Amino acid sequence: MRKIESQMIEAIQSNKDWKSGNTQVITIKGVSFVYLHGNQIATIDDDSMTIFDGGWQSVTTKSRLNALCDAFCVAGECVYQKNFTWYVDKLVGMAGQSKVFNTFEFTNGFVFA
């Protein structure tokens, strides 16, 4: 994880506003809004995280979203790209002791809860 991403996570966990370079966190009443180049890429509250591409499906956007997934989602939930298309892996249940993930094509407003 990049230093800027660690700082972003720390700001969200501390419910503090923060900005560095192209990344910004604004927290209002316990809800954190994450921006990249001025475009919203995530909303995080106590119960869920909603993700967006901010209009740019870039390597940097994907990196920021995956840093957020690492911090606020179930281990294994992530955003990735295959053949120029973005996908999301989301936990849908358990099979014995194993986690079961479904793959969804990325859509703005995808919710991890």
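Reader: In which loop does N15 lie?

Author: This is a predicted model, in which local features need pLDDT of at least 70, side-chain atom pairs count only at pLDDT 80 or more, and totals for chains, interfaces and linings use all residues. Residues are numbered from 1 along each chain as its sequence is written, and side-chain values use heavy atoms, with hydrogens and water left out. Helices (H or I, at least four residues) and strands (E, at least two) are DSSP runs, numbered from the N terminus. On that numbering, N15 lies in the loop between α1 and β1 (18-20).

Reader: Is N15 buried, partly exposed or exposed?

Author: Buried means under 20% relative accessible area, exposed over 50%, and partly exposed in between, with a 1.4 Å probe and protein chains only. The relative accessibility of N15 is 46%, so N15 counts as partly exposed.

Reader: What is the phi of K29?

Author: Most residues other than glycine have a negative phi. K29, found in the loop between β2 (23-28) and β3, is exposed, with a relative accessible area of 84%. Although K29 is not a glycine, its phi is positive, at about 50°.

Reader: How are α1 and α2 oriented to each other?

Author: Axes are lines fitted to C-alpha atoms, for helices over the stretch in contact, and angles run from 0 to 180 degrees between N-to-C directions. The axes of α1 and α2 come within 10 Å and cross at roughly 45°. Angles under 35 degrees count as roughly parallel, over 145 as roughly antiparallel, 65 to 115 as roughly perpendicular and the rest as oblique. The two helices, α1 and α2, are therefore oblique to each other.

Reader: Which residues does V74 contact, leaving aside its neighbours within four places in sequence?

Author: V74 is found in the loop between α2 and β6 (78-82). Contact means heavy atoms within 4.5 Å. With those sequence neighbours left aside, V74 is in contact with L91 and K99.
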